[in-house]
Amino acid sequence: MKNKRQYKILDIIKLHDVETQEMLQNLLLEYGFKVTQATVSRDIKELRLVKKAGAHGVYRYEAPEENLKQNFFVDSVVSVDYAINTVVLKCHNGMAQAACASLDSMEYKNIVGTIAGDDTIFVLMRTENDARLLVKNFKEMIWG
């Protein structure tokens, strides 16, 4: 639930000029996430959101580049699996190379290298355990 809520927060701040935690809390409620102000505050901290001046001089929450890359990656992947020490990510058609570039920029440790086609990414890990853990991490990131 936390991952889904935090991805929704990233979507909300892209769509709305969110000026306050209270405003974010109300928008989350509109999307079906019943949260306290303390939870919103923790999410803002974990997502490393920052306030920047918008087009009209009003300060609004924005996500650092790192979160935008992760969000793009999450939106591109449709399935995750592994065999021995190779993780295989299936993506929407034409999205694998861009998703792979996002993955590379996230700098996960124990990734030896990546290669992408049109809709598939191969991720070579150091060990089978590293592959298993990466798949677990991706599944939590993508599907909560």
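Biologist: In what order do the 4 strands of the open sheet lie, and what is the pairing?

Modeller: The order is E3-E4-E6-E5, and the pairing is antiparallel. Strands here are DSSP runs (E, at least two residues), and helices are runs of H or I with at least four, numbered from the N terminus. This is a predicted model: local features need pLDDT of at least 70, side-chain atom pairs pLDDT 80 or more, while totals for chains, interfaces and linings use all residues. Residues are numbered from 1 along each chain, and side-chain values use heavy atoms, without hydrogens and water.

Biologist: What makes E3 and E5 edge strands?

Modeller: Strand E3 (77–83) and strand E5 (111–116) each pair on one side only.

Biologist: Why are E3 and E4 called paired?

Modeller: Pairing needs at least two DSSP bridges between two strands. E3 and E4 (residues 86–91) have 6 bridges, so they pair, in the antiparallel sense. Tyr82 stands opposite Val87 in E4.

Biologist: Which helix lies across E3, E4, E5 and E6?

Modeller: Helix H6 (residues 128–143), running at about 165° to E3. Angles run from 0 to 180 degrees between N-to-C directions, with axes fitted to C-alpha atoms, for helices over the stretch in contact (heavy atoms within 4.5 Å).

Biologist: Why is Gln6 called buried?

Modeller: Buried means under 20% relative accessible area (exposed is over 50%, partly exposed in between; 1.4 Å probe, protein chains only). Gln6 has 9% relative accessibility, so it counts as buried. Gln6 lies in helix H1 (residues 2–15).

Biologist: What joins the side chains of Gln6 and Asp43?

Modeller: A polar contact of 2.9 Å. The definition asks for N or O atoms within 3.5 Å, one able to donate a hydrogen and the other to accept it within protein; residues adjacent in sequence count only if both atoms are side-chain atoms.
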